[in-house]
Amino acid sequence: MPQGPQMPAMPLSMAHAGDTVTVSRVKGAADVKRHLETLGFVEGSQVHVVSSGGGNIIVLVKGARFGLDAKVAKNVMVA
């Protein structure tokens, strides 16, 4: 069944404060992927960006607030 046009994925580190995005995939080393998935960064989950700046990003995932540095946030691809 054909789907409509999809938004291209970008790293979570590029999202702006106030954005709500959907996780499309998590990349990186196995231990990093496992850690992020444990926190709730799984395909299809909604992530709300509370604030971003200075290389860090604060997000709300499944009711929990997390702070990530840009290096880790680059492993979470969102649309």
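Modeller: Strands (E, at least two residues) and helices (H or I, at least four) are DSSP runs, numbered from the N terminus. Ala64 lies in strand E5. This is a predicted model, in which local features need pLDDT of at least 70 and side-chain atom pairs count only at pLDDT 80 or more, while totals for chains, interfaces and linings use all residues. Residues are numbered from 1 along each chain as its sequence is written, and side-chain values use heavy atoms, with hydrogens and water left out.

Colleague: Why does Ala64 count as partly exposed?

Modeller: Buried means under 20% relative accessible area, exposed over 50%, and partly exposed in between (1.4 Å probe, protein chains only). Ala64 has 27% relative accessibility, so Ala64 is partly exposed.

Colleague: And what makes Phe41 buried?

Modeller: Its relative accessible area is 0%, so Phe41 is buried.

Colleague: Why is the pair of Phe41 and Phe66 called tilted?

Modeller: Rings of Phe, Tyr and Trp (its six-membered ring) pair if their centres lie within 6.5 Å; planes under 30 degrees apart are stacked, over 60 edge-to-face, and the rest tilted. One aromatic pair is counted by this rule. The ring centres of Phe41 and Phe66 are 6.4 Å apart and the planes stand at 50°, so the pair is tilted. Phe41 is in the loop between helix H1 (30–39) and strand E3 (46–53), and Phe66 is in strand E5 (residues 64–69), 25 residues apart.

Colleague: Which residues is Phe41 in contact with, leaving aside neighbours within four places in sequence?

Modeller: Contact means heavy atoms within 4.5 Å. Among the residues in contact with Phe41 are Leu12, Val47, Val59 and Phe66.
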